Amino acid sequence: MKRIELKSAIASPGKVIISGAPEALDGKVAGEIARLAEDRLVVHVARDDQRASMIGEAITFFAPEVNIIPFPAWDCLPYDRVSPVADILARRMSALTQLAAGNIDKPAVLLTTANAIIQKVPPRDILRSASFAAKPGSRVDTNELQKYLAVNGFTRTGTVVDPGDFAIRGGIIDIYPPGSEEPVRLDFFGDTLESIRSFDAQSQRTTGQLQELKLDAANEVLLNDETIAQFRTSYTAQFSGTGMNDAVYEAVSAGRRYQGVEHWLALFYEKLETVLDYAGNCVLTMDHLAEESIDARCALIEEYYQARIEALNKDTFGAP
């Protein structure tokens, strides 16, 4: 497609089909669309993770000036009992936080997948308020910082390795912020933050000095007083007859992050949104077969839902 025709297609409302672009070159087309979209974000939906990786590499090669923001899907089956891996949660939260703040350098492509685009996410106003910032020399209540980290999805560990980890050793707090290439080390003297240093997660050696620390949520489930109260109300309304004898209910009520709690996301907020709500007036592009992948994912969700209903009925009435 000629450049002038492509620009006209971007400006036109409705669906436009671009054909004749081999798979090796469709990343080039995606990069060109990002260039021509001016101040609008481009959201590209790949049919799966492998295609997303290929498209990302092609955009980087043909249009290195285009900012690529990955937004992967959870690596879990529908209605699973385990949480997504920390790295995926970190990349998702980094993308959502940038979108919620409008902090994106254009031209840019939000690179996502069929599985991710249909999954609901927390409302934008929740993430806009889930931030923390500090500079060397400022006074920081370390107890409040620890509370912030726990509420916003960070996991306390002995040694910081993965995004979303934090560790405390006396007057030193190590944190691996979502979206950051390296973790940071906060050195305190009392309540005074003396220094902020980046360090290598493998060697634990300092790699640089930082002038400011900015933190955002590391998990889509925030465990503050409001979300816990919302969960308790929604949970008891959905599952009458359960409650204090239920492990999930007890853990969340106590402010503890239960394994797989992300799958209960809808119960923590009055409403959920989609990543397209975050993207605003975007240009949406889709892979060949992306719509079929979305249909397949929806069918899989329904299949797992029905399986859970059948399992619940067996638990309630007894297996035949």
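# Contacts between side chains and strands in a predicted model

User: Is Phe-239 buried, exposed or partly exposed?
Analyst: The classes rest on relative accessible area: buried is under 20%, exposed is over 50%, and partly exposed is in between, with a 1.4 Å probe and protein chains only. Phe-239 has 32% relative accessibility, and therefore this residue counts as partly exposed.

User: Which pLDDT is needed for side-chain atom pairs to count?
Analyst: Residues are numbered from 1 along each chain as its sequence is written, and side-chain values use heavy atoms, with hydrogens and water left out. The model is predicted: totals for chains, interfaces and linings use all residues, local features need pLDDT of at least 70, and side-chain atom pairs count only at pLDDT 80 or more.

User: How many aromatic pairs does the structure hold?
Analyst: Rings of Phe, Tyr and Trp (its six-membered ring) pair if their centres lie within 6.5 Å; planes under 30 degrees apart are stacked, those over 60 are edge-to-face, and the rest are tilted. By this rule, the aromatic pairs in the structure number nine.

User: Why is the pair of Tyr-79 and Tyr-305 given its class, and which class is it?
Analyst: The ring centres of Tyr-79 and Tyr-305 lie 5.9 Å apart. Their planes stand at 45 degrees, and therefore the pair is tilted.

User: How many residues apart in sequence are the parts tied together by Tyr-79 and Tyr-305?
Analyst: Helices (H or I, at least four residues) and strands (E, at least two) are DSSP runs, numbered from the N terminus. Tyr-79 belongs to the loop between strand E2 (67-71) and helix H4 (86-101), whereas Tyr-305 belongs to helix H11 (residues 290-317). The pair therefore ties together parts whose separation in sequence, in residues, is 226.

User: Which class describes the pair of Phe-239 and Trp-264?
Analyst: The centres of these two rings are 5.8 Å apart. The planes of Phe-239 and Trp-264 stand at 75 degrees, so the pair is edge-to-face.

User: Where does Trp-264 lie?
Analyst: Phe-239 is found in the loop between helix H8 (225-238) and helix H9 (247-253). The pair ties together parts that are 25 residues apart in sequence, because Trp-264 lies in the loop between H9 and helix H10 (275-279).

User: Which residues are linked by ring pairs into a cluster with Phe-239 and Trp-264?
Analyst: Trp-264 is partly exposed, with a relative accessible area of 26%. Ring pairs join Phe-239 and Trp-264 in a cluster with Phe-231, Tyr-235, Tyr-249 and Phe-268.

User: Which residue does the side chain of Ser-234 reach through its backbone oxygen?
Analyst: Ser-234 lies in helix H8, and at 14% relative accessibility this residue counts as buried. The side chain of Ser-234 reaches, at 3.5 Å, the backbone oxygen of Leu-267.

User: What is the bridge partner of Asp-187 in E9?
Analyst: Asp-187, in E8, is the bridge partner of Ile-172. In E9, the bridge partner of Asp-187 is Ser-195.

User: How many salt bridges are there?
Analyst: A salt bridge is a side-chain nitrogen of Lys or Arg within 4 Å of a carboxyl oxygen of Asp or Glu. One of them joins Arg-35 and Glu-32 at 2.8 Å, N to O. The count of salt bridges comes to 11.

User: Is Arg-197 buried or exposed?
Analyst: The side chains of Arg-197 and Asp-187 meet in a salt bridge of 3.9 Å, N to O. Arg-197 lies in strand E9 and Asp-187 in strand E8, so the pair ties together parts 10 residues apart in sequence. Asp-187 is partly exposed, with a relative accessible area of 22%. With a relative accessible area of 18%, Arg-197 is buried.

Terms used. Polar contact = N/O pair within 3.5 Å; in protein donor to acceptor, adjacent residues only side chain to side chain. Pairing = 2+ DSSP bridges.
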